[in-house]
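Visitor: I am new to reading protein structures. Could you take me through this one, a feature at a time?

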Amino acid sequence: MSARALNDDEVISEMNKMVAFIKQEALEKARELKVKAEEEFAIEKAKLVKQEQQAIDQQYEKKHKGAETAQKIAQSTLTNKSRLKLLQQREEHLQDLFSTARESIIKLAADEGRYVQFLEGVIVQGLLQLLEPSATVKSREKDEAVVKRATENAVKQYNEISGREVNVSFEPSLSNELAGGVVLISGDSKIIVDNTLDERLRLLEDRMLPEIRYDLFGANPNRKFYN
């Protein structure tokens, strides 16, 4: 007997668990990044200040005003270099977090019990979005059997919910490079519902990115307006 498919709330709950996991990983790695950035900043600053101070001492009598200008330029250069380096590290950190998230969805696809439940849920959702008499379910070739099994249950749930019948065909043409999931296409090919794990993660990243940036790095002092 097939496991019960996840309903909308349960699918959202699964995604929320993923969100919580990502945020926890983010906060832990953020602490490491902050300590490392502060240490590197202090070392670089001390080094540059010492170099500039030595140059200033040598030229102080002859070029007092020029030395003051040089010191300001050096400080500005240091600040800009440090800011650019920190921004680069932040971006690399965010990419590491999203790589961790991708590893999580790959693990989901490898757990057949959870994966079948996920597939049933997203197939039901897709059919309800299409509301067409026929539909094509695209999947990875290696998922063909498990997708067919999940679809059988999903079609029954769709019928119970909508009172409609639907004829489903299968097309195992999605790249095996994808993490998993399905794409549903209406019979006339005019409506496409992308319920792959990759697309769901991409949408999650887009939605979470401002929140993650705020949690990791605080409010942007240069930003005046927030949605």
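Visitor: Where does leucine 131 lie?

Guide: This is a predicted model, and in it leucine 131 sits in the loop between helix 3 and strand 1 (134-140). Most residues other than glycine have a negative phi.

Visitor: Is leucine 131 buried, partly exposed or exposed?

Guide: Buried means under 20% relative accessible area and exposed means over 50%, with partly exposed in between. Leucine 131 has 37% relative accessibility, so it counts as partly exposed.

Visitor: Which loop holds serine 189, and what is its phi?

Guide: Serine 189 is in the loop between strand 3 (181-186) and strand 4 (192-196). Its phi is positive, about 65 degrees, although serine 189 is not a glycine. With 52% relative accessibility, serine 189 counts as exposed.

Visitor: How can I check the length of helix 3?

Guide: Count 1.5 Å a residue: the 19 residues of helix 3 (residues 112-130) should span 27 Å. The end C-alpha atoms of helix 3 are 26 Å apart, which agrees.

Visitor: How many helices and strands does the protein chain have?

Guide: There are five helices and four strands. Read from the N terminus, the order is α-α-α-β-α-β-β-β-α.

Visitor: How many salt bridges does the structure hold, and which residues form them?

Guide: The structure holds six salt bridges. One of them pairs the side chains of aspartate 143 and arginine 140, at 2.8 Å from N to O. Both of these residues are buried.

Visitor: What about salt bridges within a helix?

Guide: An α-helix has 3.6 residues a turn, so residues three or four places apart point the same way. Lysine 148 and glutamate 144 both lie in helix 4 (residues 144-162), four residues apart. Their side chains meet in a salt bridge of 3.3 Å, N to O. Lysine 148 is partly exposed, with a relative accessible area of 38%, and glutamate 144 is partly exposed at 29%.

Visitor: Which residues pair up in helix 5?

Guide: Glutamate 199 and arginine 202 are both in helix 5 (residues 197-217), three residues apart, about one turn of the helix. They form a salt bridge of 2.7 Å, N to O. Salt bridges that share partners join Glu199, Arg202 and Asp206 into one network.

Visitor: And what share of the protein chain is buried?

Guide: Of its 227 residues, 34% count as buried.

Note on methods:
Residues numbered from 1 in each chain as written. Predicted model: local features only at pLDDT ≥ 70, side-chain atom pairs only at ≥ 80, totals over all residues. Heavy atoms only, no water. Helix = DSSP H or I, 4+ residues; strand = E, 2+ residues; numbered from the N terminus. Expected span 1.5 Å × (residues − 1). Buried < 20%, exposed > 50% of the residue type's maximum accessible area, 1.4 Å probe, protein only. Salt bridge = Lys/Arg side-chain N within 4 Å of Asp/Glu carboxyl O.
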